[in-house]
Amino acid sequence: PQGVRNDAMRVCVCVCVCVCSPSAESPGSQDILQECLRGLNISPGAEGTTGFQPPTEQQQLQNQLVIGAHPLPGQQQDPVMFEGAARETGLPEQPARPAGGGAAEGVGYGDGQQAAQFLETVNQTRDGDHFKTHFRVAVFYRGVKVSEQEVPNEAGLRLVYRPDLNDAALDHETGLCIVSLPRPVGILDQIQASLTQRILDSLGSLDVGMSQHVIYGQRRGDVKAYWSFSKFDSSRQPREISKLNPEPLYQVKDFIRGLMDFFDGKESPASSMFFCLGEKWPDPENKPWEKKLIMVEVVPTSMELLKNAAVECGASSLRSVELQMSLEEMMDLY
């Protein structure tokens, strides 16, 4: 086309002028050269940089509910980190973070070392067809943590208000570990302190236990209890714990399925449960969890350990046939 021939002739003329003319080093010649280079989308120092953008930092994944593979709307996971939890519960430690952050050099997709390490951690949470876990309990009064303790009991725990109980005790009838909520001392707002005390006095108990690979909940008393997988749940759909019968809350196989989905690039599974005593949760008016008088977080420590290890290693480093087969076997057992 005529335009292409004109551009080509223009380039040739410019090159000849720059190379052959004795005044090629003059400012005018430099201007002509720059104009020619611009016509070809070339500029000094641009080679190899056109269209390059520095990589952004990886965004924090938001977790969602996995039970029954049907996420609740607006559900987000607030990851719980507790340094030393594995040591205190006798469970395996999480993989150490490689120096410099990210995956260790030479250990990644197809290497198999991190997958083998994660598989070893998975196997240490198993005893045949039994999933071994302890629990950790943290109590919040109006968003302020007032107590936290480990519960080294695979059967689960019973939340009560017995301020004379200094250490966790075992209920021999149910096998649950009895954990007392603390007195509402040090609360400056007298109305808050009074309302909190009224809930505690009428609490009765709240059971959170493990049976047949299912974490269940049941309340016993006049105070209603509600729960969610997140303290930032914005679904506005309160979920009440049953008083009549134990209610399934979280199945181990759903957690395992969540891990497998994470390896495929989806959200990581939930590893915490939040219980609100005496007030609806998630809040119908979307009030924040810090406004609730009593909120209790219960963490199955083995789930937390496996989730944190998976996130630490990275999904791409954990894709192996052996690990996939082991998790599928757990799905069949649980």
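1. Leaving out residues up to four places away in sequence, Asn-286 touches Asp-233, Ser-234 and Arg-236, where contact means heavy atoms within 4.5 Å. The model is a predicted one, in which local features need pLDDT of at least 70 and side-chain atom pairs count only at pLDDT 80 or more, while totals for chains, interfaces and linings use all residues. Residues are numbered from 1 along each chain as its sequence is written, and side-chain values use heavy atoms, with hydrogens and water left out.

2. Asn-286 sits in the loop between strand S12 (273-277) and strand S13 (295-300), strands being DSSP runs of E with at least two residues, numbered from the N terminus. Its C-alpha atom is separated by 9.3 Å from that of Phe-232, although the two residues are 54 residues apart along the chain. Asn-286 counts as partly exposed because its relative accessible area is 33% (buried means under 20%, exposed over 50%, and partly exposed in between, with a 1.4 Å probe and protein chains only).

3. Thr-133 belongs to the loop between strand S2 (130-131) and strand S3 (135-141), and it is buried because its relative accessible area is 1%. Beyond its neighbours within four places in sequence, its contacts include Asn-153, Glu-154 and Met-210. The side chain of Thr-133 also reaches the backbone nitrogen of Ser-302 at 3.1 Å, and a polar atom of that side chain lies 3.3 Å from the backbone nitrogen of Thr-301.

4. Cys-177 is buried, since its relative accessible area is 8%, and Cys-313 is buried at 5%. The structure holds 0 disulfides, a disulfide being a pair of cysteine sulfur atoms within 2.5 Å.

Definitions and conventions:
Helix = DSSP H or I, 4+ residues; strand = E, 2+ residues; numbered from the N terminus. Polar contact = N/O pair within 3.5 Å; in protein donor to acceptor, adjacent residues only side chain to side chain.
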